[in-house]
Amino acid sequence: MLVVEDDESAAALLSSLLERNGYRVTLVRDGREAMRLCDASPPPSLVLLDLMLPYADGFEVIAHLRAAPGWETVPLVVLTGQSLEDDVVRALEAGADDYVTKPFRHRELIARIERQLDEAP
């Protein structure tokens with residue numbers, strides 16, 4: 001699973017939570033790094049993506065991932081502090097499969113991730 005999160009404490013929390021639930025996590029800290037990883041690596045089982053990132057925001061990352069061969073159908077869950085309806089709609093229209101706002105409930109996030117993985121092609 002690819003986690004794209006620039007906040008150190010949020011990244012540590014997410015990595016710990018996901019690993020405790022049996023997921024292997026690759027963590028990147030900015031949008032540019034996420035796009036580079038996309039270009040150089042096989043697709044992960046799921047992408048958990050913040051919108052507010054340095055160098056390239058989450059919307060740019062979504063567009064890049066959705067245009068990359070093999071990454072078009074990777075489940076993509078946005079996890080962000082942005083809760084405006086316009087941001088939610090924009091992310092979903094750009095190709096996000098789900099949208100979760102911070103602060104998040106741990107069990108709910110895991111349930112949403114598991115649902116995306118169960119529905120993945």
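Ala-94 lies in helix α4, which covers residues 85–94. The model is a predicted one. With a relative accessibility of 32%, Ala-94 counts as partly exposed, because that class holds the values between under 20%, which is buried, and over 50%, which is exposed.

Which residues does Ala-94 touch, leaving aside those up to four places away in sequence? They are Ile-62 and Arg-66. Ile-62 is 32 residues from Ala-94 along the chain, yet the C-alpha atoms of the two are separated by 6.6 Å.

Among contacts with a separation of 6 or more, 60% are between residues 24 or more positions apart.

Next comes the order of the elements. The chain has 5 helices and 5 strands. Read from the N terminus, they follow the order β-α-β-α-β-α-β-α-β-α. The C-alpha trace spans about 30 × 30 × 30 Å along its principal axes.

How much of the chain is buried? Of its 121 residues, 44% are buried. The accessible surface of the chain is about 6,400 Å², and carbon and sulfur atoms provide 49% of this area.

The chain carries 12 positive and 22 negative charges. The mean position of the positive charges and that of the negative charges are 5 Å apart.

How values were computed. Residues numbered from 1 in each chain as written. Predicted model: local features only at pLDDT ≥ 70, side-chain atom pairs only at ≥ 80, totals over all residues. Heavy atoms only, no water. Helix = DSSP H or I, 4+ residues; strand = E, 2+ residues; numbered from the N terminus. Buried < 20%, exposed > 50% of the residue type's maximum accessible area, 1.4 Å probe, protein only. Contact = heavy atoms within 4.5 Å. Areas by Shrake-Rupley, 256 points an atom, 1.4 Å probe, with all protein chains shown as cover. Lys, Arg positive; Asp, Glu negative; His and termini not counted. Charge placed at Lys NZ, Arg CZ, Asp CG, Glu CD.
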